[in-house]
Amino acid sequence: MAELDIGQHCQVEHCRQRDFLPFICDACSGIFCLEHRSRESHNCPEVTVINEKLKSDTHSSYPCSFKDCAERELVPVLCPHCEKTFCLRHRHQSDHECEKLEVPRPRMAATQKLVQDIIDSKTGQTASKRRKGAKNSETAAKVALMKLKMHADGDKSLPQTERTYFQVFLPKGSKEKSKPMFFCHRWSIGKVIDFAASLASLKNDNNRLTAKVTTRNDFSLKLLG
């Protein structure tokens, strides 16, 4: 009686078991026994190809080289100047502080600086001269005022706190055009006129009804200090 040729041998070399109900791998289409039916058990070549693809996919993204940036891009974004990869947000030179970024310098910078230095020096000298001239004028005025007060005529018994100094311009016909005098700040205008006329040795008949009255219109007073 002839043997029945039923089933197929397992394609695993060290197995070669004949299985009456063999399994066909849906990946590599190989024929395997029950023990080696899974892809891992018979080292399916298609699984190896898939794993290699998965491994290569992990390196398909490109990290950003900018400090503290964790962004990655699927395609490399290369800076043509420093030749480093960056994310889209840091792709420009100014955005990733490119080490080869050239800052544009203003034209004729040296000439502009020289002109500005000249202007500043001239302005500084002019201002210094003005300050010096104003200071000298102020000092001269103070010295002149002190001299006038030192030579001013008045009631020497008056305390300094009660004195008011004037440059008194005398009436026409007087020997002197003007004379520094001081009066008590509490005096009336009439008393000031009488005292000024006395100091200037002017005739004063204000106490007579028929005489020409000396008024403040005959005098001109300029306050000193």
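Visitor: In which helix is the place of A196?

Guide: A196 lies in helix α3. Helices (H or I, at least four residues) and strands (E, at least two) are DSSP runs, numbered from the N terminus. Please note that this is a predicted model, in which local features need pLDDT of at least 70 and side-chain atom pairs count only at pLDDT 80 or more, while totals for chains, interfaces and linings use all residues. Residues are numbered from 1 along each chain as its sequence is written, and side-chain values use heavy atoms, with hydrogens and water left out.

Visitor: How many helices and strands does the protein chain have?

Guide: The protein chain has three helices and nine strands. From the N terminus on, the order is β-β-β-β-α-β-β-α-β-β-α-β.

Visitor: Why does A196 count as buried?

Guide: Buried means under 20% relative accessible area, exposed over 50%, and partly exposed in between (1.4 Å probe, protein chains only). A196 has 3% relative accessibility, and therefore counts as buried. C184, at 6%, is likewise buried. Across the protein chain, buried residues make up 23% of the 225 residues.

Visitor: What makes a set of residues a nonpolar core, and which residues have the most contacts inside the largest one?

Guide: The term denotes buried Ala, Val, Leu, Ile, Met, Phe, Trp, Tyr and Cys residues joined through side-chain atoms within 4.5 Å. The largest such core has 14 residues, and those with the most contacts inside it are L158, V168, L170, M181, F182, F183 and W187. β7 (163-169), β8 (178-184) and α3 (189-199) each supply at least two residues of this core. β8 gives the most, with four residues.

Visitor: Which residues does L158 touch, not counting those up to four places away in sequence?

Guide: Contact means heavy atoms within 4.5 Å. On that basis L158 touches R163, F182, F183, C184 and W187.

Visitor: Which cysteines does the second core include?

Guide: This separate core of eight residues includes C69, C79, C82 and C87. C79 is buried, with a relative accessible area of 1%.
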